[in-house]
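Let's take a walk through this fold together. Keep the viewer open and click along as we go.

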Amino acid sequence: MGGRVSRTDFEWVYTQHPHVARRKLILEKHPEIKQLMGPDPHFKYIVSAMVIFNIVSSYYIGKLPLVWILVLAYTLGGVINHSLTLAIHDISHNVVFGNYYPMANRLFGMWANLPIGAPMSISFKKYHVEHHRYQSTDLYDVDLPTRFEGVFFRNIPLKILWIFLQPFFYSLRPFIVRPKPPTALELLNVAIQVVFDTLLVYFFGWWSLFYLIAGTILAMGLHPMSAHFIAEHYMFAKGYETYSYYGVWNHLTFNVGYHMEHHDFPYIPGSRLPEVKRIAAEFYDVLPHHTSWLKVLWDFVLDREMGPFARVKRNYGDVFGKDSKYNPYLHADNTMVPVLGKPEGLDDRRHMSEGQTSSVGNIEVSTENESDHEKTN
């Protein structure tokens with residue numbers, strides 16, 4: 001059956017994710033890490049240069065034969081566009097202008113969005129905050145594959161197809177698993193993107209827009225850069241649900257590979273995450289990590305244990321119980337509360353563990369770093 005995947009379900013756990021506990025321990029031992037928090041003054045210039053380069057180059061590349069448009073979309077424009085999606089990831093954490101200027105961050109995200117071809121910056125922000133707060137939680141963390149993905153993509157050819165289709169699953173899954181009404185900022189994001197695409201076609205031609213969008217799809221699919229989708233949270237070592245990657249691609253991806261460090265400290269810009277690892281080496285050196293994204297893809301495709309089901313998954317009703325008296329995520333009628341912030345009375349409720357961090361004591365459920373002064377958009 002082409003190396004049929006042996007897993008038939010997710011790795012269900014009944015503990016909280018480890019990042020808030022580890023953050024607390026690291027800050028107790030290395031309080032100087034707090035100095036790394038805050039906006040990156042160089043970030044906006046790097047991102048703006050990438051945006052302008054891809055827009056201008058699309059004019060010239062759009063005039064080439066189709067085969068060269070596709071080659072350059074895969075090797076150049078797509079690499080930059082994929083990098084811009086990761087810049088938008090950092091922007092969602094307000095690393096451009098800081099937490100006191102949320103609207104400036106959102107508008108800059110729309111600017112970074114332009115060469116990607118499709119509006120995604122605001123929607124990504126809306127769902128990504130839940131990925132941090134409720135990591136691996138059923139129905140709340142839309143980074144988790146659906147059961148359909150786990151059941152259907154179960155052999156080598158289908159896993160390759162799943163990787164190729166990753167940009168579609170990644171972008172459409174949130175609207176299927178956890179649909180939300182569009183916000184005013186999302187509509188603005190769509191309007192700005194449509195106007196930009198229209199102007200690009202009018203002045204540069206259809207092939208320029210094709211080049212940009214094709215690059216986005218190709219570089220987020222079967223491409224070495226796309227391995228970060230798998231490397232970050234797929235369970236390559238039993239019991240571990242987040243992994244860092246330490247390799248050359250970090251130079252082109254705003255250090256998204258430092259993913260363990262990022263989840264521990266979401267408001268530290270990617271440019272400073274290597275310093276987090278250096279300072280708190282005793283916490284990170286003992287954790288499983290990746291050194292090659294190509295090997296991540298290779299292992300994911302060929303290993304019978306790996307597939308869309310190879311993810312840790314939790315249900316907070318199981319972790320805290322199904323009685324609102326003990327579960328701060330439930331209303332009085334035992335229905336789930338909206339994901340808007342930290343529930344009251346959450347401290348000292350449960351323990352959590354992951355591999356070598358299993359001895360960590362009482363902690364709170366992750367709500368990222370609550371220094372974020374931003375209103376929900």
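Is Val151 buried, partly exposed or exposed? Val151 is partly exposed, because its relative accessible area is 48%, and the cut-offs are under 20% for buried, over 50% for exposed and in between for partly exposed, with a 1.4 Å probe and protein chains only. You'll find Val151 in helix α6, residues 147–152.

A quick word on ground rules. This is a predicted model, where local features need pLDDT of at least 70 and side-chain atom pairs count only at pLDDT 80 or more, while totals for chains, interfaces and linings use all residues. Residues are numbered from 1 along each chain as its sequence is written, and side-chain values use heavy atoms, with hydrogens and water left out.

Now zoom out. The protein chain has 16 helices and 4 strands; these are DSSP runs numbered from the N terminus, with helices being H or I of at least four residues and strands being E of at least two. Of the 377 residues in the protein chain, 55% are buried. Contacts here mean heavy atoms within 4.5 Å, and if you take those in the protein chain with a separation of 6 or more, 76% join residues 24 or more positions apart. The accessible surface of the protein chain is about 16,600 Å², and 66% of that belongs to carbon and sulfur atoms. Those areas come from the Shrake-Rupley method with a 1.4 Å probe, and for residues only the protein chains shown count as cover.

Start with helix α1, residues 19–29. Its buried residues are His19, Val20, Ala21, Arg22, Arg23, Ile26 and Leu27. What do they pack against? The buried residues of α1 pack against α12 (259–264) and α14 (281–284).

Next, look at helix α9 (residues 184–204) and helix α2 (residues 43–61), whose axes come within 10 Å and cross at roughly 35 degrees. Axes are lines fitted to C-alpha atoms, for helices over the stretch in contact, and the angles run from 0 to 180 degrees between N-to-C directions. The crossing of α2 with α9 is right-handed, which means that the near helix is turned clockwise from the far one by less than a right angle. On the α2 side you'll see Ile55, Ser58 and Tyr59, and they meet Phe196, Leu200, Phe203 and Phe204 in α9. By class, the residues of this contact are 6 nonpolar, 1 polar and no charged. For that count, Ala, Val, Leu, Ile, Met, Phe, Trp, Tyr, Cys and Pro are nonpolar, Asp, Glu, Lys and Arg are charged, and the others, Gly among them, are polar.

Helix α9 also meets helix α4 (residues 102–113): their axes come within 10 Å and cross at roughly 30 degrees. So α4 is roughly parallel to α9, a label for angles under 35 degrees. This crossing is right-handed too. Here Met103, Arg106, Leu107, Met110 and Asn113 in α4 meet Leu185, Leu188, Asn189, Ile192 and Gln193 in α9. The residues of that contact divide into 6 nonpolar, 3 polar and 1 charged.

The contact includes Leu66, Ile69 and Gly77 of α3 along with Trp207, Phe210 and Gly215 of α10. Its residues come to 15 nonpolar, 6 polar and no charged.

Finally, check the backbone in two loops. Most residues other than glycine have a negative phi. Leu139, in the loop between α5 (121–133) and α6, has a positive phi near 75 degrees. Asn255, in the loop between β2 (244–245) and α12, has a positive phi of about 60 degrees and is not a glycine. Leu139 is exposed at 51% relative accessible area, whereas Asn255 is buried at 13%.

Note on methods: Parallel < 35°, antiparallel > 145°, perpendicular 65-115°, else oblique.
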